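This report looks at one helix and at the pockets of the structure shown below.

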Amino acid sequence: MSLSTAFAPEADAAVPYYQNVGNETEMFEQAFAQRLPLLLKGPTGCGKTRFISHMAAKLGKPLHTVSCHDDLTAADLTGRYLLQGGETRWVDGPLTRAVREGGICYLDEVVEARKDVTVVLHPLTDDRRVLPLERTGELLEAPDDFMLVVSYNPGYQHILKSLKPSTRQRFVAMSFDFPPPSVERDIVARESGLSAERCAALVNLAASLRGMKGQDLEEGISTRLLVYCATLIRAGMPIVDAARATLVEPLSDDADVQEGLMEAVRATFG
């Protein structure tokens with residue numbers, strides 16, 4: 001299954017706005033109802049995190065978000081003993097809190113975490129749905145309203161940072177991508193306040209530059225960066241300057257690549 005994703009500002013204070021473009025919300029609801037773990041795959045800035053925030057609020061469940069990184073260990077997720085007030089006390093990590101209390105635990109860019117993290121997740125992603133805490137001797141059973149969601153960007157995968165097939169096959173999976181141009185235009189306009197007509201040119205430029213991914217660029221322009229660019233333009237910054245700061249400098253440090261990107265910018269906006 002491949003989905004384009006869309007994110008935009010909150011429709012109200014309770015539920016972050018999300019524009020459904022496929023059956024992704026239905027799939028999430030079914031996975032939650034059937035107590036199945038979910039894996040989201042897609043490029044940086046395409047709306048995965050907004051989608052999770054939207055679904056958690058829609059279902060009325062607390063959301064425990066963890067941004068994974070190279071130094072993230074299993075103990076960071078499960079908890080550890082800490083000295084508090086002269087006493088040593090066990091303090092739950094975000095994964096343990098979600099299992100105890102219910103809710104959605106979202107591990108963003110899970111492949112960035114250390115390998116012992118995925119080992120901890122395995123008992124929660126099969127029919128056992130348990131979290132062993134060796135340090136406390138507990139075996140926590142996940143309640144019906146607990147859900148584990150992980151995400152990663154396949155474009156950054158390599159042999160040292162990838163999910164093993166034995167781990168991937170424990171999840172229901174969905175692939176996300178950038179929204180269709182007309183949808184992305186409306187999203188950028190809503191997020192930034194810039195007119196849809198002016199945002200259309202930014203979206204067209206992004207589509208052109210995304211074609212350079214894998215050649216001169218490691219990653220394409222995210223919808224988030226388009227929102228940043230439109231926001232600066234609406235604030236009065238010259239278009240070319242705004243594009244350089246948001247669509248060129250963040251993507252590459254190579255002077256030749258930057259100049260190539262700027263040529264595309266100038267060709268679009270003059």
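In helix 10 (residues 239–248), the buried residues are Ala242, Ala243, Thr246, Leu247 and Val248, where buried means under 20% relative accessible area, with a 1.4 Å probe and protein chains only. Because these residues cover an arc of only 165° around the axis, they lie on the same side of helix 10; the arc is that of the directions from the helix axis to the C-beta atoms. They pack against helix 8 (196–210), helix 9 (223–234) and helix 11 (255–269), contact being heavy atoms within 4.5 Å. Helices (H or I, at least four residues) and strands (E, at least two) are DSSP runs, numbered from the N terminus.

The model is predicted, local features need pLDDT of at least 70, side-chain atom pairs count only at pLDDT 80 or more, and totals for chains, interfaces and linings use all residues. Residues are numbered from 1 along each chain as its sequence is written, and side-chain values use heavy atoms, with hydrogens and water left out.

| Pocket | Lining by class |
|---|---|
| Largest pocket | 8 nonpolar, 2 polar and 2 charged residues |
| Second largest pocket | 3 nonpolar, 5 polar and 5 charged residues |

Helix 2 gives the most to the lining of the second largest pocket, with 3 residues.

Terms used
Buried means under 20% relative accessible area, exposed over 50%, partly exposed in between (1.4 Å probe, protein chains only). Ala, Val, Leu, Ile, Met, Phe, Trp, Tyr, Cys and Pro count as nonpolar, Asp, Glu, Lys and Arg as charged, and the others, Gly among them, as polar.
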